[in-house]
Amino acid sequence: MFDTDVFVLGGGPAGLAAAIAARRAGFRVILADAERPPIDKACGEGLMPESLTAASRLGIHIPQSAGISFRGIRFAGSSHSVNADFPEGVGLGVRRTALHSLLVACAQEAGVEVSWGSPVTDLNGHTVRFGRNHLSARWIVGADGAQSSVRRWAGLDVFQRESRRFGFRRHYRTTPWSNYIEIHWGADCQFYLTQVATDEICVALLSRDPHLRIDNALSRFPELNLRFAACEPASGDRGALAATRQLTRVVNGQIALIGDASGTVDPITGDGLSLAFQQAAALSQALATGDLSLYERSHRKINCRPLFMADLMLLLDRWPKFRTRVLAALESRPELFADLVSMQAGHLGFGRFAHTAALLGWKLTAT
């Protein structure tokens, strides 16, 4: 009855992951995107260990040689810093374009039929128009980003909550000085530093100010400003909206949303790609049963912990004095920070986290 089982609109990491998972579940899959690979995006370019694990479960192998591994996370303020290793495995800093090329190759090997340079212009029931073509699909997957047209066409453009921040990214040529992802906290903004090659680092700025740019923000971080003043930029600036968006629904009939189209978590957690890979696995399982309501429930569960951790970490962004006290407490009790990193990675239950939060609260009271 249909020209294809699954049609995926959007060829970024989320769309490619969904297509790969559906194809390996035995479905015929067609993917279309208006752009051509490799597709770039402003992001921190750090893959957490859980992201690599989730990708591996889909049959997507991202080799360590694709980037530079890092062992954990470091928080740095003006006068305090603390770091912790991941509870299991290591992360990988990799250029977004390199990652996209790997995913494209994996999709081709899986047998996904891809139409690059083909913008989708209309969606009507099971019929999709893209480029000069039109076809019918049993299921349609919207993976077309934060400003999703599929979401609007499907009547799913309704948010339970929405908050906005703004991100900008630039690369510098420099030798590595840390084997951690570093988050530097400043007045109303943060810098995220990820080594992505032996001689290159990704510098990402996040703030609530849409007019703040990397050069201006660096002046608020004397140590970083001095360090990067002697470094050669390896790329131009690229910006993106860095929002927290929680949709009321991500499924309507035969249409399902995935990745940023299905809602976003603030990039402060670094969970974006992990969420996309986990959602792709959940979606393929729902497709196999023919019941997309299973994906709706799984999607809520997958997003629950990252949303909680993002809200928790953004308290440090909103309240500078509170942030200073928290960093001082974590510096004196680094095992508490290790628990926070474990919680973010999904290796610490809410019960143990409540115990850690109580200890942190006691430490804050004592100081």
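# Helices, strands and buried residues: why the terms apply

Me: The crossing of α7 and α8 is right-handed. What makes a crossing right-handed?

Reply: The near helix is turned clockwise from the far one by less than a right angle; if anticlockwise, the crossing is left-handed. The model is predicted, so local features need pLDDT of at least 70 and side-chain atom pairs pLDDT 80 or more, while totals for chains, interfaces and linings use all residues. Residues are numbered from 1 along each chain as its sequence is written, and side-chain values use heavy atoms, without hydrogens and water.

Me: Why are α7 and α8 called roughly antiparallel?

Reply: The axes of α7 (residues 272–289) and α8 (residues 293–318) cross at roughly 160 degrees and come within 9 Å. Axes are lines fitted to C-alpha atoms, for helices over the stretch in contact, and the angle runs from 0 to 180 degrees between N-to-C directions. Angles under 35 degrees count as roughly parallel, over 145 as roughly antiparallel, 65 to 115 as roughly perpendicular, and the rest as oblique. The α7 and α8 pair is therefore roughly antiparallel.

Me: Which residues of α7 meet α8?

Reply: In α7 they include L275, Q278, A282 and L283, and the α8 side includes L294, Y295, I302 and P306. By class, this contact of α7 with α8 holds 8 nonpolar, 6 polar and no charged residues. Ala, Val, Leu, Ile, Met, Phe, Trp, Tyr, Cys and Pro count as nonpolar, Asp, Glu, Lys and Arg as charged, and the others, Gly among them, as polar.

Me: What makes α8 roughly perpendicular to α9?

Reply: Helix α9 (residues 320–332) packs on α8 at an angle of about 115 degrees, with the axes 5 Å apart. By the ranges already given, that makes the two helices roughly perpendicular. L315, L316, D317 and R318 in α8 meet P320, F322, R323 and V326 in α9. The classes in this contact are 5 nonpolar, no polar and 3 charged.

Me: How do you know that β12 pairs with β17?

Reply: Two strands pair if DSSP finds at least two bridges between them. Strands are DSSP runs of E, at least two residues long, and helices are runs of H or I of at least four, numbered from the N terminus. Between β12 (residues 159–173) and β17 (residues 238–247) there are 10 bridges, in the antiparallel sense. R169 stands opposite R238 in β17, and its bridge partner in β15 is A204. Strand β15 (residues 200–207) runs antiparallel to β12, joined by 8 bridges.

Me: Why are β3 and β4 said to stand at the edges?

Reply: The open sheet of 3 strands has the order β3-β7-β4, with antiparallel pairing. Each of β3 (46–47) and β4 (68–70) has a single partner strand, so one side of each lacks a neighbour in the sheet. Strand β4 is joined to β7 (residues 91–93) by 3 bridges, and S69 stands opposite L92 in β7.

Me: Why does E182 count as buried?

Reply: Buried means under 20% relative accessible area, exposed over 50%, and partly exposed in between (1.4 Å probe, protein chains only). E182 has 3% relative accessibility, so it counts as buried. This residue lies in β13 (residues 180–186). Leaving out residues up to four places away in sequence, E182 touches R74, W177, F191, Y192 and L193, where contact means heavy atoms within 4.5 Å.

Me: What makes A204 buried?

Reply: A204 has 10% relative accessibility, so it counts as buried too. Beyond four places in sequence, its contacts include C43, F168 and R169.
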